[in-house]
Amino acid sequence: MTDVVSTDREVAAQIAAEQAHVDRVYDELGKAAARVELVHAEGMSRGQTDRRGTGDPREEELAGLFERDALVYSASKRRASLEHQHEGLVFGRLDLEHDVADEHGSTREVRYVGRLGVRDDDYEPLVVDWRAPAAAPFYRATPVDPQGVLRRRVLRCRGEQVVGVEDDLMVTDPPEDVVVVGDGALMAALTRSRGAQMRDIVATIQQHQDEAIRASARGVTEITGGPGTGKTVVALHRAAYLLYSDRRRFEGGGVLVVGPSAAYTAYIERVLPSLGEDSVVLRSLGDVLAGITATRLDPPAVAATKGSLRIRRVLSRLVREPIPGSPTQLRTFVGGHAIRLDLAALDRARAQVLRHHHRNAGYDAAVEALAHLAWEQVEQGEREDFVDRFTDSGDVEAFMRQWWAPVDPREMLLWLADEELVRRLGGLPPEAAADLAASYRQALELGTWTVADVALVDDLAARLGPPVDLPSEDRGFFEIEELDDASQYGVSALRVGADGETVAAASGGSARSRVSTDPRERLLAGRTGEAEEYAHVLVDEAQDLSPMQWRMLGRRGRWASWTVVGDLAQASWDDLREAGQAREEAFGTAPRQAFHMDTNYRNAREIFELAARVITEHVPEADIPEAVRETGHDPLELSVSSATLPESVAETVADLCGEVAGQVAVIAPWSWHERLRPVVTGDQVVLIDPLSTKGLEYDATVVVDPDGIVAESPGGVRALYVVLTRAAHRSAILRPVDESAPGVGGGR
Ligand SMILES: Nc1ncnc2c1ncn2[C@@H]1O[C@H](COP(=O)(O)OP(=O)(O)OP(=O)(O)O)[C@@H](O)[C@H]1O
């Protein structure tokens, strides 16, 4: 970085020079867009047939249709890419000095870097894609190792207009024509206000971040570091880089990005499209498996039971259970013989079939096993003849429809609402068994799953075998106009709009979507599918995954390479040893590479110092990064009467809204939400619970009742650490001080 100060005139001259180049690029882009339209139109005209449904298309017409699809598909993709990346297309410039002169005898080169590569009519590059090897010095050059770079320049654009330039000088004695402008692009970027969604950082990726982004695609890449060190944003740029560098493998095989919550996926969903990539599948942990979407959380003890590998024993026995209420004996006549198979015989047959078949694929084998047992009672005439008659019997078919009906894994999980059954299955201490059963009775009342349930359904789906035709398709749905308690319908964070209307902020869907009024139907709506496999799996906030969740992701990444992002000091999962074991199993023997991030780009130094004090007191080994930016504003710490806490929150929020341009978050334990909802108003403000803030950031935060946060959250002080590190510029902490505080944990 340099301290050269430039006059306004100099800056304006530099901007004008850059504008001339940017204009050329947009001109070329306009031509490219016109070409894409032509290809699109040409594609659409191929394979036109005048038969209008009078017969099957001829072979040459089929070939035309195929070509049309291919042309239209690639033209549409290119068009979408040009549209997404139009804004701020050119963002960087390198001035290079080479040892060897080019064909014109010059050792100097100017190279522009952008969101995509653009060439002129002579195929000369006007801009290189940020992921191309030629762009690497833009991110890698330092004054110690300039890599031929004299000056790195970041262009700030609004639409097609260059509005600013920021330079970093890489050599101490630059040639005279290399003017240096601005205070350095990184600081300018970090001081800016945060929006409601994460932005890409292509213009200011730092050297150590670039190493992780461009690291080999093989095996498992771990990215660790404290809060705000750019782990998430680096991992997302890595996904874009992998797609660029080996598109066939990763676009063909698919890239899955998994984060902790729906609020998180909504927060990061713009980053990859802004980098030109829209083929990546983004999922929260409650949304990994088709047919089930969950945002509700279990109380910590139940979440621990559901997340731990102990539950596998329960599930493995559960798949061997008979369907509740199914017949306990088979009585029929076959070929004039009375057949009677009692419960013990049926159990034996079921156990035998399940030894060799997935349950949902075992229908034929089950009929055969029953026929065999029935034959043992007869042993007269031809066996084959008897078995055929048995198999064709209407009675047997009617019996099988109940006794070996296809089972939906979600339906099977709900069998656990029966405490008696849970105890009989064994494997859990009595209290845990009772709590587990109670949690499914609650699910049946609310009509919603919890996030931990998704991994259990996935486990059962794998045990039950590929999906078969299930009756769920026939289930009816009704429109609900008013949802009193949106959290029941999978909405985890609420924002009260300016007009006083409650808006679902984190559900990723409309609160007025079509939902059945019957809770059970809601639980079983849609269909669960098989685990889809991917070529690359990116896991954020990996420290929070339970062992069962690692197994769920392992099913999706059996042949994949991985990028895994996390910080143990922010963990909310207790048994890190067991989770570590499950994670190793998911990765298998794939080679590992690790990258550590140690600069906090999010929090102002004053905000992070307080958070670091809190965590190191309890977790001395916490990975503490260096915050690079100061604001001169310490976090405001206030003790307020709990009777008037909502008013104090409202005042603090109003003050902060005047100080920052972006979002202000009130982060409070659930037990306070009801009282705070009426005072948290306006588009600039959100009310959110501590766990849902994982991975997010705001311009300012008001942290309400820190002790309540520690008491309510499974991660205890680690959860408070997460909360205290969400603010970029300003933070306030409000501590209620008297007895009338509402009970902790009672608000959900
Ligand atoms: N090189 C960079 N240039 C500009 N901004 C950056 C850069 N690196 C990181 N940031 C910004 O720093 C903030 C924190 O990044 P990010 O959320 O990826 O951190 P994290 O390590 O995942 O945090 P946490 O673990 O607390 O969730 C984001 O606003 C991000 O855009």
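How are H23 and H27 oriented relative to each other? In this predicted model, the axes of helix H23 (residues 605–618) and helix H27 (residues 717–724) come within 9 Å and cross at roughly 165°. Angles over 145 degrees count as roughly antiparallel, and H23 and H27 are therefore roughly antiparallel to each other. The crossing of this pair, H23 and H27, is left-handed. On the H23 side, the contact is formed by Leu-610, Ala-611, Val-614, Ile-615 and His-618, which meet Val-717, Leu-720, Tyr-721 and Leu-724 of H27. By class, the residues of this contact comprise eight nonpolar and one polar, with no charged residue.

Helix H10 takes part in two further helix pairs, with H18 and with H19. The axes of H10 (residues 300–307) and H18 (residues 430–446) come within 10 Å and cross at roughly 95°. This angle falls in the range of 65 to 115 degrees that counts as roughly perpendicular, and H10 and H18 are therefore roughly perpendicular to each other. Ala-301, Val-302 and Thr-305 of H10 are in contact with Ala-432, Asp-435, Leu-436 and Ser-439 of H18. Four nonpolar, two polar and one charged residue make up the contact of H10 with H18.

With H19 (residues 451–464), the axis of H10 comes within 9 Å and the crossing angle is roughly 20°. Angles under 35 degrees count as roughly parallel, so H10 and H19 are roughly parallel to each other. The crossing of H10 and H19 is left-handed. Here Ala-303, Lys-306 and Gly-307 of H10 meet Ala-452, Asp-453 and Leu-456 of H19. The contact of H10 with H19 contains three nonpolar, one polar and two charged residues.

At the level of domains, the protein chain is divided into domain 1 (8–183), domain 2 (207–289 + 531–597), domain 3 (330–404) and domain 4 (601–736). A distance of 48 Å separates the C-alpha centres of domain 2 and domain 3.

The ligand has 22 residues around it, of which Pro-227, Gly-230, Lys-231, Thr-232 and Tyr-601 come nearest. Helix H4 (185–191), helix H6 (231–245) and strand E17 (599–604) are the elements that give two or more residues to this shell.

How values were computed. Residues numbered from 1 in each chain as written. Predicted model: local features only at pLDDT ≥ 70, side-chain atom pairs only at ≥ 80, totals over all residues. Axes fitted to C-alpha atoms, helices over the stretch in contact; angles between N-to-C directions. Helix = DSSP H or I, 4+ residues; strand = E, 2+ residues; numbered from the N terminus. Left-handed = near helix turned anticlockwise from the far one by under 90°. Contact = placed C-beta atoms within 7 Å. Nonpolar A, V, L, I, M, F, W, Y, C, P; charged D, E, K, R; others polar. Near = placed C-beta within 6 Å. Domains from an automatic or database assignment.
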